[in-house]
Amino acid sequence: MEALKLGYSPCPNDTFIFYALVHGEVPSPLPVEAVLEDVETLNRFALEGRLPLTKLSYAAYGRVRDRYVALRSGGALGRGVGPLLVAKRPLRRLEGVRVAIPGRNTTAFLLLSLYAEGFHPVEVRYDQIMPLVARGEVEAGLIIHESRFTYPQYGLVKLLDLGEWWEGETGLPLPLGAILARRDLGEDLIRALDEAVRRSLEYALAHPEKTFPYLKAHAQELAEEVIWAHVRTYVNAFSLDVGEEGEKAVETLFALAEAKGLMPPSSWPLFR
């Protein structure tokens, strides 16, 4: 039986969630082959429809709703999970400022675009942002993933927590990324894959020690305390099931983005 390609990032929350599924520890309707790439690469893959099952930024999902549908399990959504804007020194305003971003299809960039105008985005891979800011090659950086725990080590200061801004504006948890299935897989297989992802996360929560070698092998930051801090931050009840509040958060993000012309409108259902 041909393996189904599953794309996700090497970040600890994703490797934690998918460890059991890709290592055959839980039932799956099809064998799964992991494709590990940074989130912006996965976003670009989805714009091409390349992977049948993939982690994706919600910002990118807004552009492929006709081709993909979000699973209820496996996503990154919550409180205290927002991207951070950092710099070497405080800045009075962002207008005209060069900001290193982890990709134009990321939710981080969408949030910053909702928050401010007039800055100059400089696209680099997410793990190169802090060194770029520290060297003074850009004035500010928009950081995601493990970087939120390590930016002080680069002599950087926090200018803005976009998660705090979002929660203050909406009162809702922040949607960052989801697991998407290509709609042409069919409703029955998509439902079975959703269940397999949920079981994989449940296995990881019950046996976290078994996942750690896999997490460490792929993590950007190798310190054990940073890896587990990352998992605790980004893996939560919304990862097991997005729930009504999570759905409302995604709908709100898309509505705000559509209103500012940052995302095309769509009538396709968001979740399977």
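In this predicted model, the axes of helix 1 (residues 12–22) and helix 8 (residues 187–206) come within 7 Å and cross at roughly 110°. Helix 1 and helix 8 are therefore roughly perpendicular to each other. On the helix 1 side, the contact is made by Phe16, Ile17, Phe18, Tyr19, Ala20 and Leu21. Helix 8 contributes Ala196, Val197, Ser200, Leu201, Tyr203, Ala204 and Leu205. Twelve residues of this contact are nonpolar, one is polar and none is charged.

Aromatic rings were examined next. A pair of aromatic rings is described by the distance of the centres and the angle of the planes. With ring centres required to lie within 6.5 Å, the count comes to nine aromatic pairs. One of them joins tyrosine 58 and tyrosine 61: the ring centres are 6.4 Å apart and the planes stand at 45°, so the pair is tilted. These two tyrosines are three residues apart in helix 3 (residues 58–61), and so about one helical turn separates them. Both tyrosine 58 and tyrosine 61 are buried.

Tyrosine 61 also pairs with phenylalanine 254. Here the centres lie 6.0 Å apart and the planes meet at 65°, so the pair is edge-to-face. Tyrosine 61 belongs to helix 3 and phenylalanine 254 to helix 12 (residues 243–259), so the pair ties together parts that are 193 residues apart in sequence. Tyrosine 61 has 1% relative accessibility and therefore counts as buried. Phenylalanine 254 is buried as well, with a relative accessible area of 2%.

Elsewhere, a charge meets a ring: the charged end of arginine 72 sits over the ring of phenylalanine 271, 5.8 Å from the ring centre.

Conventions
Residues numbered from 1 in each chain as written. Predicted model: local features only at pLDDT ≥ 70, side-chain atom pairs only at ≥ 80, totals over all residues. Heavy atoms only, no water. Axes fitted to C-alpha atoms, helices over the stretch in contact; angles between N-to-C directions. Helix = DSSP H or I, 4+ residues; strand = E, 2+ residues; numbered from the N terminus. Parallel < 35°, antiparallel > 145°, perpendicular 65-115°, else oblique. Contact = heavy atoms within 4.5 Å. Nonpolar A, V, L, I, M, F, W, Y, C, P; charged D, E, K, R; others polar. Phe/Tyr/Trp six-rings, centres within 6.5 Å; stacked < 30°, edge-to-face > 60°. Buried < 20%, exposed > 50% of the residue type's maximum accessible area, 1.4 Å probe, protein only. Lys NZ or Arg CZ within 6 Å of the ring centre and 35° of its normal.
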